[in-house]
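Let's take a walk through this one together.

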Amino acid sequence: MKEERLLSAMEHIAGELILEAKEAPMKEKKIKSRPLRLVLIAAVLVALFAVTVTAAYVIKEWDSVFANRFQPTEAIQEQMNGNLDQPEASATRDGVTLSVRQTICDGNELYAVVELLLPEDFDMDYLKVEPNGMSDETLSLFATKDETTGNWYTGPATERAEWFQGTLSEEELETLTEEKIEEDSFHYYIEVGMGGGSFLPKYIDAQTRTISYLLMMEYDEETGGPVTIWFENIYYSSTEEGLLSGPIYMSWTPEYNTEPLDLTLEQDGENVGAVTLTPMSIQVDVPELLDVLENPPEEGTEAYDELVDRICHEQNYFEELVTVTIHFADGSQRDIVYGFGGGYDDETGGLSLSLDADFGIEFLDLSTVTAVTVGAITVEVN
Amino acid sequence: MEDRDIIQLYWDREEGAIEQTKEKYGSYLMAIAKNILSRYQDREECVADAYFRAWNSIPPQRPESLKLYLGRVTRNLALDRRKAAATEKRGGGQVVLALEELKDCVVAWDTPESRLDEKFLGEKITEFLRQQPEVTRKTFVLRYWYLEPVEDIAKEMHMSLSKTKSLLHRTRKKLRESLEKEGIWL
C-alpha cells in the first residue's frame, strides 16, 4: 500500500528531526503552597468595591490576537477584566521595535501579545503576505542564525548566563548581567526561535510592517518577577546577515487581579494534598500517591511493584490511574486528562502525584466550582 | 550517565549497559512503543527486544546518538510486531489512522517508473520538512514518526485540536505538492 510505503519512508528522515520533535520544553511541575484565603471576605470586598467604582468601571478591549484565540463572551470579558493589562514595555534597535501590546495573567499562566515593528527599509515582500494577512508558513522566512539557540527558554535569571554561554560574547553577557539580573529575583527569559515552542507568530501586517506573536508560558505568582523577551537577532531565511547589530530585549512585570481557589485534600482528618485552581489552570500536589488511590496496594507486594514499574515506564499511566475532576454548580463536570507528573522517588522509595494543566482557550469561573475530585478523594468548596 | 559512557559499557560487554540504557531511555522507548502497540505486554517485549538488538549490534556499531538509535530500532520492532498483531486482529490504533491520513499525500495514479526506494523518499521528506517552520516540523514528526495521537500532539504543541488537524492536513498537501514538483508520484 502506498501510504504504508510513505510511513516506512518516515523511518529514513534525518535524525535531527526525530530528536527535535521531542525536545519541546516541558512545563515545570511546580506546586505552590499558599495559605488558605478567606474567599468569602474577598467576595464581599470585591462586591463593595464594585458598587463604589461602578461609574469608572470599564471593560477593556481585548487585543485582536486574544479576541481571535479566546473569542471571549461578555461574561468572560467582565470576569477577566482585572487580569488584562497593557504594560509599558518596548525596546528599539537599528530601526526594529519590540513591544508588548497586551497580557492576560492569573498568577500561574501568562499570555502576551508581542509585536515586532520592522524597519522602514525592510522589504515586506520577503514575507509573502497572503490576502487574508495571516499565514504561519510565510514566517519560515525568518530563522534564528544559530540552530542551537533556536529554542525558547524560561527559567531563573541566575541560570540564564549558562544558557546563553557560547551564543553571546562575554561583553554582551556582562552587560545583560549588570542591567537585568538581581540575585534574589526570579526573571523569566524567553529567547525566541521563530515559529517554535510556545511563542507563535500570529499575524503579519504589511501596511504597518508589524508581526504579532502570541506568547504562552507558566508564570509563578510567588517567585514571579519581570518577564524578558529576548531576540538574539532577526534574519531573512538562508542569509547570514541579521537586521540587528546585537540582541534586542524588553522586560515587564505582569499585573493581574486573581484570588486562586486553594483546597486541601483530606483523608481521615489528615492533610494528604493540595489543589489550586486559577481561571486558567489547575495544580494538584499529592506527596503520597497511595493516599488518593481507591485500592492502594501495600508496599512490598507484587501489586505495588507492578504499580511502580508501570508508573516508571508507561508514559500516560497516571491518567489511567487517577481521575481528576472539577465539579460545577450546574451539575456539569470537567475531567483533567493531561499535565500529570510525579512518580517514584529513588531516595525515599515513595510514589507522588502532581498535576499542572492549563485550560487552553477557556477560562474557569471559580465562583461556579463546587468540588474537585482527585482519585478517591473529593474536596468540596465551602 | 552520558551516552558515550553507556556505549562504552556495551563495548566492554558489561551487563550494566542495558540497565543504564533502561534507566535513561526506558520511558522514551515505551512511549514510542505505546503509540504503535495497544497491549502493555507487547510494548514491554518490544522494548526488551530493542535492548537485545542494541546488545548484539554494539559493538561493532558505535551510534552517534544512542537515543536516536534505540528510538529507530524500537519503532521498527513495534511496527513489525503490529503487523503480526493485525493478523490476530489486535493492535493497530494510531498506525491505521496515520495511514488513512497519509492518503492525502498519494495521487490517484501510480506507474512503475515512478516508484522509488523508501530511503530516497525519506531524504525528500527531510528536505521538505527542513523548509517548514519548527512547529510544522515537530507536529508532522510527532504524528508520522512517533505516531502520537493528534490529541496528545495538540496538547504538547499548545495548539487547539482543530488547528493541529488543520496544520497536519495542510502539511500533507504541501508535501504531496512538493514531491510532485520533483516528479515523484506516490
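**A hairpin to start**

In chain A, strands E2(A) and E3(A) make a hairpin with 2 residues between them, and A:Asp94 in that turn has a positive phi of about 50°. Helices (H or I, at least four residues) and strands (E, at least two) are DSSP runs, numbered from the N terminus. Before going on, the ground rules: this is a predicted model, where local features need pLDDT of at least 70, side-chain atom pairs count only at pLDDT 80 or more, and totals for chains, interfaces and linings use all residues. Residues are numbered from 1 along each chain as its sequence is written, chains are lettered from A and ligands numbered from 1 in the order in which they are written, and side-chain values use heavy atoms, with hydrogens and water left out.

Across from A:Arg93 you'll find A:Val96 in E3(A).

Now look at A:His12, in the loop between helix H1 (2-9) and helix H2 (15-21) of chain A. Leaving out residues up to four places away in sequence, A:His12 touches B:Arg72, B:Glu118, B:Lys119, B:Gly122, B:Glu123 and B:Thr126 (contact means heavy atoms within 4.5 Å). A:His12 is partly exposed, because its relative accessible area is 33%; buried means under 20%, exposed over 50%, partly exposed in between (1.4 Å probe, protein chains only).

Over in chain B, helix H7 (residues 134-144) is mostly covered, with 11 of its 11 residues buried. Among them are B:Phe140 and B:Arg143.

How values were computed:
Pairing = 2+ DSSP bridges.
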